[in-house]
Amino acid sequence: MENIEAYIGQASRTERRNAFKMRISELPEDVELSESFGSYSLHFEVKDNTIFVKRSIKLQSQRVTLEDYSVLESFYQKRIKADQSTVVLERS
């Protein structure tokens, strides 16, 4: 049996000011993913017309068996979809 090894620990926080005085009309849903091999979260927050985005991915240092590969693949597909989320702005 083949195994895939991975270890990643990454977190980031991004702040975007609304310099063009646009109204934030839609934020993506927050995302929380958790599997035995790791977790991922993406959180959006608005304070004082500023968008805060917090993103975190943690993968455990372990082997993923071939049988669990489809779960790993699904985890990454959901993470990629979440990372491509769009904030919708409208002119005030």
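Begin with the whole chain in view: among contacts (heavy atoms within 4.5 Å) between residues at least 6 apart in sequence, 69% join residues at least 24 apart. This is a predicted model, in which local features need pLDDT of at least 70, side-chain atom pairs count only at pLDDT 80 or more, and totals for chains, interfaces and linings use all residues. Residues are numbered from 1 along each chain as its sequence is written, and side-chain values use heavy atoms, with hydrogens and water left out.

Next, colour by secondary structure, where you will find 1 helix and 6 strands, arranged along the sequence as β-β-β-β-β-α-β; helices (H or I, at least four residues) and strands (E, at least two) are DSSP runs, numbered from the N terminus.

Now select arginine 91, which belongs to strand E6, residues 88-91. Because its relative accessibility is 77%, arginine 91 counts as exposed, a term that means over 50% relative accessible area, with buried under 20% and partly exposed in between (1.4 Å probe, protein chains only).

Then move to glutamate 32, a residue of strand E3, which covers residues 31-35. Glutamate 32 likewise counts as exposed, because its relative accessibility is 67%.
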